[in-house]
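Walk me through this structure, one part at a time.

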Number of protein chains: 2
Amino acid sequence: MAEGEFDLIRRLFAPLAAREPGAFGLEDDVAVLLDTDFVVTKDLLVAGVHFPDTERRDVVARKALRVNLSDLAAKGAKPFGYFLGCVWPSDAQYAEIAAFADGLKKDQDAFRCALLGGDTTRHGAAGAPLTVSVTMVGLGPRDGVLRRNGAKPGDDIYVTGTIGDAGLGLMAAQGEARFPTEDGGALLDRLQLPSPRLAFGGALAGVGRAAIDVSDGLLADAGHIAEMSGVAIDVDAARIPLSSPAARWRDAQDDAAAATGFLATAGDDYEILFAAPPERRRAVEMARQVTKTQVTKIGVARSGRGVRLLSETGSEVAASRAGYDHFGEN
Amino acid sequence: MAEGEFDLIRRLFAPLAAREPGAFGLEDDVAVLLDTDFVVTKDLLVAGVHFPDTERRDVVARKALRVNLSDLAAKGAKPFGYFLGCVWPSDAQYAEIAAFADGLKKDQDAFRCALLGGDTTRHGAAGAPLTVSVTMVGLGPRDGVLRRNGAKPGDDIYVTGTIGDAGLGLMAAQGEARFPTEDGGALLDRLQLPSPRLAFGGALAGVGRAAIDVSDGLLADAGHIAEMSGVAIDVDAARIPLSSPAARWRDAQDDAAAATGFLATAGDDYEILFAAPPERRRAVEMARQVTKTQVTKIGVARSGRGVRLLSETGSEVAASRAGYDHFGEN
């Protein structure tokens with residue numbers, strides 16, 4: 001989400017949600033339907049913005065489900081079903097739409113949810129972009145969803161999986177960087193088909209104090225937790241977990257610190273970033289083991305505001321991207 | 001919805017909903033969330049398809065809410081809240097988005113629902129159309145929602161309000177027909193801001209046996225009830241309720257029967273078409289009086305298939321439009 005959109009949401013749309021406590025003031029990734037376990041999230045994907053228009057339609061369908069499933073995962077909710085809205089180019093062929101439906105089937109079987117309803121239409125003008133709107137309904141954890149606003153000074157900050165792969169995958173797709181063939185393929189996979197951390201998110205309920213899925217970028221999303229929780233977050237650059245392809249890419253760059261800054265701001269990782277108090281380290285470790293998920297402590301929350309990316313010597317690493325700049329106010 | 005889309009939904013998407021009974025096989029306008037009173041519907045509006053790109057943005061916002069509220073109304077559900085997805089043209093200005101938010105505020109206050117969450121993004125290319133996706137959540141009636149599939153032979157067929165105004169409004173907007181100034185304004189109002197029949201829909205629960213909101217056109221939507229209920233429906237052309245402007249327009253046409261056929265297939269009426277058994281005529285009359293809603297008996301359901309539009313002499317009136325043709329198989 002671009003910087004301007006946060007502002008629009010705050011100024012124009014958050015007031016429209018004021019009456020309904022389950023909407024969390026539009027400050028979280030999900031809403032809960034009052035007096036039920038239903039947790040709902042909605043993410044749009046638009047050709048030319050969130051995926052290249054040439055992307056295989058089954059892959060588009062699967063990504064549309066997965067980015068929404070990732071929101072549920074970070075909140076500890078289980079998939080239940082989804083509503084689908086598609087606007088197809090006026091000249092879309094049956095085979096293209098059938099491929100899209102195949103992708104939905106594959107992933108709704110994999111993640112155990114069903115199509116509940118929706119709307120299908122076509123653009124009036126040729127060349128207008130395929131637009132996919134998914135409203136995903138999940139069943140929340142008994143302890144309540146993990147909000148963005150629960151982190152406290154002293155909390156450990158963790159992230160699942162590895163960071164920056166999708167950003168490098170995008171560079172590969174756009175021909176902006178070259179990778180060894182296998183690395184390029186692995187990175188592109190991360191961009192096209194993120195893996196929502198549903199099992200770990202479920203295990204995190206009652207353990208973590210705040211959580212978010214990393215879509216805007218590690219530091220930007222740390223910024224969302226910091227801002228909503230009223231804390232500062234320090235991230236150790238050296239601890240950010242990198243895949244082998246990403247580590248190889250970083251090591252090949254002239255400026256390793258800037259390269260790490262890029263990976264920490266690239267976005268589309270769909271990992272879970274979360275805060276948990278030190279006394280729950282064993283519980284975090286249990287969740288990690290039970291769900292066989294890579295989990296790395298990457299920093300700490302402290303009193304203050306903003307997010308800092310720190311080098312091994314404790315100095316701040318420059319990492320300039322819009323989403324990060326706004327929240328890194330120290 | 002164009003004919004091809006029904007087929008796509010049946011062949012490609014309905015199988016994806018098979019596992020979840022609350023999805024009704026995608027054969028109705030809403031889904032219910034199991035073991036709750038929540039009723040959910042989702043309708044998309046796209047510039048250049050559902051509204052002219054020059055339409056005032058507050059009007060677009062209000063129409064987006066109202067077409068979804070109309071789905072709830074026909075099912076006897078009360079508005080609760082909505083999820084909103086917007087894709088703005090890349091050059092959309094703040095004032096434009098603020099006008100849109102104003103329209104939302106006006107109608108969510110009028111219809112008592114709140115924004116619950118959503119996603120806002122921008123198109124990558126200039127000139128791509130504003131797309132608005134609303135997922136509306138309502139609270140269903142205790143007796144269960146009125147499905148499309150409950151009509152029985154012998155049932156009376158009724159419709160609320162007047163039919164064909166929005167279709168004439170579209171002709172006025174596109175300069176395809178000329179109307180006296182006042183008539184043109186009234187017809188255009190019906191096109192831009194339909195009035196969801198929430199009060200009457202609520203009163204109809206437990207009284208009607210099948211219901212649908214008229215969006216595809218009176219005969220096409222009668223066709224949906226006929227097909228899903230396994231009955232035939234005869235509509236008396238002379239009984240179709242017309243507003244004064246629409247009646248004046250029809251009377252000025254050379255072929256009054258063809259004119260009536262046009263009005264009965266034009267769509268976008270957002271009235272409630274429903275079936276009720278003759279023994280509930282008093283209950284229908286009560287619902288009409290209590291909610292001060294115009295309700296007209298326009299036909300009957302009988303054994304058989306398809307929909308016929310009958311003249312006063314009982315002969316069939318030709319009314320050829322795609323949505324109607326497909327279902328009128330007699």
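**The sheet of chain B**

Begin with one pair of strands. In this predicted model, strand 6 of chain B pairs with strand 10 (residues 295–302) of chain B in the antiparallel sense, over five bridges. One point on this pairing is B:Asp156, whose bridge partner in strand 10 of chain B is B:Val300.

Strand 10 of chain B also pairs with strand 8 of chain B. These two run antiparallel and are joined by four bridges. Here B:Val235 has B:Gly299 of strand 10 of chain B as its bridge partner.

Now widen the view. The strands belong to an open sheet of six, in the order 7-9-6-10-8-11 (chain B). The pairing in this sheet is mixed. Strand 7 (210–213) and strand 11 (307–310) of chain B stand at the edges. Each has a single partner strand, so one side of each is left without a neighbour in the sheet. On average, neighbouring strands are turned by 25° against each other, direction ignored.

Strand 8 (residues 232–236) of chain B runs parallel to strand 11 of chain B, and four bridges join them. B:Asp234 stands opposite B:Arg308 of strand 11 of chain B. A helix joins the picture here. Helix 7 (residues 218–229) of chain B packs on the sheet. Helix 7 of chain B touches strand 6 (156–160), strand 7, strand 8, strand 9 (272–276) and strand 11 of chain B. The direction of this helix makes about 155° with that of strand 8 of chain B.

**Chain A and a pair of its helices**

Turn to chain A. Chain A has eleven helices and eleven strands. Its C-alpha trace spans about 60 × 50 × 40 Å along its principal axes. What radius of gyration would a compact globule with 330 residues have? The value would be near 20 Å; chain A has 19 Å, which agrees.

Two of the helices pack together. Helix 2 (residues 57–74) and helix 3 (residues 94–111) of chain A meet at an angle of about 40°, with their axes 6 Å apart. Helix 2 of chain A passes helix 3 of chain A in a right-handed crossing. Helix 2 of chain A contributes residues including A:Val59, A:Leu65 and A:Leu69 to the contact. From helix 3 of chain A come, among them, A:Ala99, A:Phe100 and A:Phe111. The residues of this contact divide into nine nonpolar, two polar and eight charged.

**How the two chains meet**

Chain B can be laid on chain A by a turn of 180° and a shift of 0.0 Å along the axis, with an RMSD of 0.0 Å. That is the relation of a two-fold axis. In chain B, the C-alpha nearest the axis belongs to B:Ala128, 2.9 Å from it.

The contact takes 52 residues from chain B and 52 residues from chain A. On the side of chain B, the elements that give two or more residues are helix 1 (3–13), strand 2 (38–46), strand 3 (78–88), helix 3 (94–111), strand 4 (114–122) and strand 5 (131–139) of chain B. Strand 4 of chain B gives the largest share, eight residues. The residues on this side divide into 29 nonpolar, 16 polar and seven charged.

Why do the copies meet through the same surface? Because 100% of the interface residues of chain B are also interface residues in chain A.

How values were computed:
Residues numbered from 1 in each chain as written. Chains lettered and ligands numbered in written order. Predicted model: local features only at pLDDT ≥ 70, side-chain atom pairs only at ≥ 80, totals over all residues. Pairing = 2+ DSSP bridges. Axes fitted to C-alpha atoms, helices over the stretch in contact; angles between N-to-C directions. Contact = placed C-beta atoms within 7 Å. Nonpolar A, V, L, I, M, F, W, Y, C, P; charged D, E, K, R; others polar. Left-handed = near helix turned anticlockwise from the far one by under 90°. Least-squares fit on C-alpha atoms with pLDDT ≥ 70 in both. Rg over C-alpha atoms; globule rule 2.2 N^0.38 Å.
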